[in-house]
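I opened a new notebook page for this model.

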Amino acid sequence: MKADPALTSYLQMFLKSTDTHGYPKDAIVFSEGDAGDLYLLVLNGAVRIEIGGVVVRMVQAGEGFGETALLDGGPRSATAVAETDCKLYAMSPEKFDEFVENPHFIRPILEHTLRRARAAEQKIVELTKGS
């Protein structure tokens with residue numbers, strides 16, 4: 001399969017970017033209630049996402065997080081903590097807007113967000129049945 005030039009240029013942006021930040025294990029990346037001013041992509045390591053101190057998911061290398069606050073304009077709905085030493089690419093709201101306009105990237109973000117919403121709905125049903 002031939003490489004898509006748009007996809008290649010976006011990937012090069014990540015790899016050549018100076019917008020990367022290292023976090024040691026257990027460092028807080030952002031906290032629940034913070035302003036949602038960045039989308040983050042895990043370049044290496046892992047980040048755990050917590051709501052009210054409960055781990056709700058793990059984000060691995062190649063996955064991103066923080067899109068909810070950028071898309072809906074609200075505060076962070078969770079706390080992100082470095083599960084391991086990790087390196088993250090930080091994307092500004094402007095770059096994120098450009099990023100999601102590319103159909104190669106918006107679909108994976110939407111699929112990821114919808115999978116999380118579906119899992120949350122299923123958890124609500126499980127908890128409701130258990131009451």
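My entries follow in the order I made them.

**Overview.** I noted at the start that this is a predicted model. I counted four helices and eight strands in the protein. Reading along the sequence, I wrote down the pattern α-β-β-β-β-β-β-α-β-β-α-α. I looked up burial next: buried residues are 32% of the 131 residues. I also checked contact range. Taking contacts between residues at least 6 apart in sequence, 73% join residues at least 24 apart.

**Sheet with S1.** I traced an open sheet of four strands, ordered S1-S8-S3-S6, with antiparallel pairing. Which strands stand at the edges? They are S1 (20–23) and S6 (64–65), and each has a single partner strand, so one side of each lacks a neighbour in the sheet. I then went to the S3 and S6 pair. These strands run antiparallel and are joined by two bridges. Leu 40 sits opposite Phe 65 of S6. I found helix H3 (residues 93–100) packed on this sheet, where H3 touches S3 and S8. The direction of H3 makes about 85° with that of S8.

**Sheet with S2.** I traced another open sheet of four strands, in the order S2-S7-S4-S5, again with antiparallel pairing. S2 and S5 (54–60) are the edge strands, each pairing on one side only. From one strand to the next, the twist averages 30°. I looked at S2 and S7 in detail. Two bridges pair them in the antiparallel sense. Phe 30 has Ala 80 of S7 as its bridge partner.

**Loop between S1 and S2.** I stopped at Asp 26, which lies in this loop. Its phi is near 75°, a positive value in a residue other than glycine.

**Cores.** I listed the largest nonpolar core, which has 14 residues. Val 29, Leu 40, Val 47, Ile 49, Phe 65, Ala 80 and Leu 88 touch the most other members. Strands S2 (28–30), S3 (39–44), S4 (46–51), S7 (79–82) and S8 (86–91) each give two or more residues to this core. S8 gives the most, with three residues. I then listed what Leu 40 touches, leaving out residues up to four places away in sequence: Val 29, Phe 30, Glu 63, Gly 64, Phe 65, Leu 88, Tyr 89 and Ala 90. I also found a second, separate core of 10 residues, with Tyr 39, Leu 41, Leu 70 and Val 100 among them.

I checked the length of H4 (residues 103–129). At 1.5 Å a residue, its 27 residues should span 39 Å, and its end C-alpha atoms are 39 Å apart, which agrees. Which residues of H4 are buried? I noted Phe 105, Ile 109 and His 112. Residues three or four places apart in an α-helix point the same way, because there are 3.6 residues a turn. I then compared the axes. Those of H3 and H4 come within 7 Å and cross at roughly 100°. That makes H3 roughly perpendicular to H4. Phe 96, Phe 99 and Val 100 of H3 make the contact with Phe 105, Ile 106 and Ile 109 of H4.

Conventions: Residues numbered from 1 in each chain as written. Predicted model: local features only at pLDDT ≥ 70, side-chain atom pairs only at ≥ 80, totals over all residues. Heavy atoms only, no water. Core = buried A, V, L, I, M, F, W, Y, C linked by side-chain atoms within 4.5 Å. Buried < 20%, exposed > 50% of the residue type's maximum accessible area, 1.4 Å probe, protein only. Contact = heavy atoms within 4.5 Å. Expected span 1.5 Å × (residues − 1). Pairing = 2+ DSSP bridges. Axes fitted to C-alpha atoms, helices over the stretch in contact; angles between N-to-C directions. Parallel < 35°, antiparallel > 145°, perpendicular 65-115°, else oblique.
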